[in-house]
Amino acid sequence: MRYILRKVTLFIITLWAAITLNFILPRLMPGSPVDAALGKLASAGVPITNAEKAAVEAQLGAPHTSIFVQYADYLRNIATLRFGTSFSFPNQTVAETIGKALPWTVALVGTTTVFAFVVGTLLGVYAGWHRGKFGDSSVTVGATFFGAFPPFWLGLLLLYWLSFKYGWFPIKGGYSPGVTPNWSLSFLGDALDHSVLPGLTLAITTLSGWVFGMRNNMINTLGEDYVTFAEANGLRSRTVALLYAARNALLPNVTSFGLMLGAVVGGSVLVEGIYSYPGVGNLLYLAVTNHDYPLMQALLLVFTLSMLVAIFVVDLLYVRLDPRVRSTS
Amino acid sequence: MTVITSVPPPEGGLGGKASPQARGGPGGSSPQGWYSAVPGPLRFIGRALRTLWGNGKARAGLIILGIIVLAAIFAPLIAPHSPTATTFAPYKGPSATNWLGTTGNGQDVFSQLIYGSRISLIVGLCAGALATLVAVTIGLISGYRQGPVDEVLSFVTNLALVIPALPLMIILAAYLQGHSVWTIVLVVAFTSWATGARVIRSQTKTLRTREFVTSAVFSGERLFRIAFRDILPNMTSLVAASFLAAATAAVLAEASLEFLGLGNPSTVSWGTILYAAQQQNALLTGQWMMVFAPGLAIVLLMVSFVLINFGIDALSNPRLREK
């Protein structure tokens, strides 16, 4: 219970710190992001009401208001999801824009991470068990290369060969043009078809982290006495590998879940941009290339908060997985 | 991406108190007359390189890195054309004069590739070094000092780990619009020190209860001296590993930022070749070499760092050592 309480407290403090950092960042930057954002809004022909102006200023910095008033306004706006208006999508609020895009990324990143975790961990178990042999070297060298692939580069190459040259997969978007998203089976199939390449790109480039983590844990675990004992008892090697070694080697790998998620989320920005996938990564890609500061700032917050929540959930799950955490508390 | 998961046993570093000669590179030669005349740091690097050379993976990494470094140094001699001169017919595929084709502005892609190694190396090494400096400072202090100092520094480290690095880098670079390589170095260093700091902190925590640290405390040495002169030398391999991991991340980050157009498009680097390729729809015009070659170069540079890191890992953690 103490463990959970500590985690909850830490979660809340980190949440506050992340939100505050998001407040400080644009105010530290040279130039005036506010003026740039308001100017862009005006030139895009978006009528700026006083409320809109206030929302943008609360987010990026108001030149004539005290910093404490700004901070209070900012916190209030965050709580009510008012992130101002971005000129890229003038007909909806930033919150609506992000709300539409978020499910796509959650689905893509979630599926990809689970897939990479399962495949990478299994490969890591295999390499660790056969350490020093041919199987180990091929897995390690392969993972080293795939892990060094810049996600956007692999994305471009897959796009070129599999979509453009051979036409196996659609070239861009999250679903076929002219279709409105719904929950019908045909739409889900269509969306799946569009997600294969971005998902594959992200999975291949993040696989290596799981492989190496698991391989190293395996090798460390294999040196333990209970593994030697199990072997001496004449248990089948697969039983020893999976039930004795891998089971215990898995735990440290679960804790690196949060860090790995960061890599996937980071990679998703450029990959979604390349495939014009309708997720938040693509939004950030658009926001940055258009210097759309309000959208950019709100997206950084969304990225950070999603990471925080994901890590928090993993921490809580860890209590179920590792009895030691429960007993020490 | 490298994740440092194995914390090596203390005193196992390259420059640790245990004699590195013992685990020997090929030959493991005895000190010679000229050898002791070489200045200390150089001798240390030489010894480290020789030890690494004995590890197969690290040797492969050193060879790849060596080739890239040579290409960067001797770029004017190797590159057949000027990287910036727009003297060729644009949008050409590979040919005898332009091995990798030409850009939309009529520049030779192969020459750009050779010159581009300079930026990637500079950014990778500088950002890696800067990030490691921050990581070592924060990791050592927070590992050595218990109580509020550690709490605060650990909290900052964990916060930096939670914020996804690439989006943060992208946003910082978008605000700064410095359009210089050094902006990118600073942005990358600022966002990628946290992993190293955490690893170094946990290693410091295990070292600080050792006898030699206790005796240093009793002999009245000051905190910074103990942390940097007594504890740090025992973590050389860990510091080297964090440096290489940070450099790997920096190479990727630099390419990503340049690819987004957040770098200086007029400098020649692997990232800007990819940016130009994307802007000129190189893939649609069939010039896939313009995308493939610089990306492969990035992969090779990153792989070389990771391979060298394997060597360091294997040296410092006996269980990971190859038989």
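## A residue in chain A

A:Val319 lies in helix α13 of chain A, which covers residues 293–321. Helices here are DSSP runs of H or I with at least four residues, strands are runs of E with at least two, and both are numbered from the N terminus. A:Val319 is partly exposed because 15 other C-beta atoms lie within 10 Å. On this scale a residue is buried with 20 or more other C-beta atoms within 10 Å of its own, exposed with 12 or fewer, and partly exposed in between, the C-beta atoms being placed from the backbone. A:Val319 and A:Thr228 are 91 residues apart in sequence, and their C-alpha atoms are 28 Å apart in space.

## Basis and confidence

This is a predicted model, in which local features need pLDDT of at least 70 and side-chain atom pairs count only at pLDDT 80 or more, while totals for chains, interfaces and linings use all residues. Residues are numbered from 1 along each chain as its sequence is written, and chains are lettered from A and ligands numbered from 1 in the order in which they are written.

The model scores ipTM 0.83 and pTM 0.83. Chain B averages a pLDDT of 80, with 85% of the residues scoring at least 70; pLDDT is the predictor's confidence in each residue, from 0 to 100. Over residues 1–31 of chain B the pLDDT is below 50, and beyond near neighbours in sequence this stretch has 80 contacts in the model. Where pLDDT is low, the predicted coordinates should not be read in detail. A contact means that the C-beta atoms of two residues, placed from the backbone, lie within 7 Å.

## The two chains

Chain A has 14 helices and 0 strands. The C-alpha trace of chain A spans about 80 × 55 × 40 Å along its principal axes. Of its 329 residues, 43% count as buried. Among contacts in chain A with a separation of 6 or more, 72% are between residues 24 or more positions apart.

Chain B likewise comes to 14 helices and 0 strands. Of the 323 residues of chain B, 50% count as buried. Residues at least 24 apart make up 74% of the chain B contacts between residues at least 6 apart in sequence.

## The interface

The contact between the chains takes 41 residues from chain B and 49 residues from chain A. On the chain B side, the elements that give two or more residues are α6 (148–162), α7 (165–176), α12 (236–259) and α14 (288–316). The largest share of that side, 10 residues, comes from α14(B). The chain B side divides into 32 nonpolar, 6 polar and 3 charged residues. Here Ala, Val, Leu, Ile, Met, Phe, Trp, Tyr, Cys and Pro count as nonpolar, Asp, Glu, Lys and Arg as charged, and the others, Gly among them, as polar.

The 29 residues of α14(B) should span 42 Å at 1.5 Å a residue, and the end C-alpha atoms are 42 Å apart, which agrees. The expected span is 1.5 Å times one less than the number of residues. Helix α14(B) is mostly covered, with 25 of its 29 residues buried.

The largest nonpolar core has 181 residues, and those touching the most other members are A:Leu284, A:Met296, A:Leu299, B:Met169, B:Ile170, B:Val188 and B:Met302. To this core α14(B) gives the most, with 18 residues. A nonpolar core is a set of buried Ala, Val, Leu, Ile, Met, Phe, Trp, Tyr and Cys residues joined through C-beta atoms within 7 Å. Not counting residues up to four places away in sequence, B:Met302 touches A:Ala148, B:Thr248, B:Val251 and B:Leu252.
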